[in-house]
Structure formats: structure tokens, C-alpha cells
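Please look through the structure shown below, and then follow the report, which goes from confidence to the sheet, the cores and the aromatic pairs.

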Amino acid sequence: MAVVALMGATPAAHAQDQASAPETPRRRNFEAPAQPGALQLENAHFSYQSFITPSRDGQRHYRIHVAVPKSPAPQGGYQVVYMADGDAAFSAIDATMVERMAAGDAPVLVGVGYEGDRRFSTTERAYDYTPPS
């Protein structure tokens, strides 16, 4: 529920959006380059950094996105939201979402993505999401 609220939607609003959605499905280009989202650009509310880390076997490389609120941590510390598909997730966060998060107890955001410039690295993603046989 925290992620739904974080993105600014409620289950009821999502259902309403689905009911009013057009009949034809949108085609998404999953191989499209990721565009920087509002957290990745300079802003007044979050500090952003990313780094590449290898898998344990060294065969794959992951881009870790981290956005930390610039506001002082609450007494119990920041909450953390971890997001798979971090490249797509961070590129989807716009200025309105940043403002909404900053208006409350903003969490630390961590996204796990892949080395490269695509929103979804389908080959690497398929490897990570497919259980071993």
C-alpha cells in the first residue's frame, strides 16, 4: 500500500482509471532509453546518486539508484522503499510525485536496475525473474 500511496494513487482511483481507459491497449516500448526522472535531476527535496555493482558471480551488473530526502530524518529514521525495475521506476517519478513525497515523511528510495540506458533490460530482467530449473 505504501508504494500505491507513494505514486499518488489509491486502489479506488486505479479502478476508476481502468474503467475509463480506452479499449485498445497501449503498446509500450520496453527497450526505450530511460529518461531522467525528477529525482535524478537537481531538486530541492532529494539527493540522488547511482552506482554499478556486480552480481556475486560477476556475470551481471546492476545499477543501484538511491534518493535520500534532504530534510532531517524523523526520530525513528527514514523509511526505505525498494523498487525492482529501478531504471523504469526512477524515470517515471515526476516533479508532482517528488513534491507529494516531500510534503510528508519522505522515504529513502532505492531502485535496482541494470547497467545500460534502457528503461527495461528485458534479457537481464528475464534472467532475474525466472526461477532456476
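## Confidence in the model

Over residues 1-18 the pLDDT stays under 50, and for this stretch the model has 13 contacts beyond four places in sequence. The model is a predicted one, and its protein chain averages a pLDDT of 79, with 74% of the residues scoring at least 70.

## The sheet

Four strands make up an open sheet in the order E1-E2-E4-E3, and their pairing is mixed. At the edges are strand E1 (46-54) and strand E3 (80-84), each of which pairs on one side only, and from one strand to the next the twist averages 15 degrees. In general, the strands of a sheet pair through backbone hydrogen bonds, either parallel or antiparallel.

E1 and E2 pair in the antiparallel sense over nine bridges, with proline 54 standing opposite histidine 61 in E2. These two strands form a hairpin with six residues between them, and in its turn glycine 58 has a positive phi of about 75 degrees. Strand E2 (residues 61-69) also pairs with strand E4 (residues 108-112), in the antiparallel sense and over four bridges; here histidine 65 has glycine 111 in E4 as its bridge partner.

## Nonpolar cores

The largest nonpolar core has 14 residues, and those with the most contacts inside it are Leu39, Phe46, Ile93 and Leu109. E3, helix H3 (86-92) and helix H4 (95-103) each supply at least two residues of this core, and H4 gives the most, with three residues.

If neighbours within four places in sequence are left aside, phenylalanine 46 is in contact with several residues, including Leu39, Ala67, Val68, Val98 and Met101. Apart from this core lies another, of six residues, among them Tyr62, Ile64, Val66 and Val108.

## Aromatic pairs

How many aromatic pairs are there? The count comes to two. In one of them, the rings of tyrosine 48 and phenylalanine 90 have their centres 5.9 Å apart and their planes at 50 degrees, so the pair is tilted. This pair links distant parts of the chain, since tyrosine 48 is in strand E1 and phenylalanine 90 is in helix H3, 42 residues apart. Tyrosine 48 counts as partly exposed because its relative accessibility is 27%, whereas phenylalanine 90, at 0%, counts as buried.

Tyrosine 62 and tyrosine 114 also form a tilted aromatic pair, at 5.6 Å centre to centre and with 40 degrees between the planes. Tyrosine 62 lies in strand E2 and tyrosine 114 in the loop between E4 and helix H5 (122-129), 52 residues apart. Tyrosine 62 is buried, with a relative accessible area of 15%, and tyrosine 114 is buried with 7%.

Notes. Residues numbered from 1 in each chain as written. Predicted model: local features only at pLDDT ≥ 70, side-chain atom pairs only at ≥ 80, totals over all residues. Heavy atoms only, no water. pLDDT = per-residue confidence, 0-100. Contact = heavy atoms within 4.5 Å. Pairing = 2+ DSSP bridges. Axes fitted to C-alpha atoms, helices over the stretch in contact; angles between N-to-C directions. Core = buried A, V, L, I, M, F, W, Y, C linked by side-chain atoms within 4.5 Å. Buried < 20%, exposed > 50% of the residue type's maximum accessible area, 1.4 Å probe, protein only. Phe/Tyr/Trp six-rings, centres within 6.5 Å; stacked < 30°, edge-to-face > 60°.
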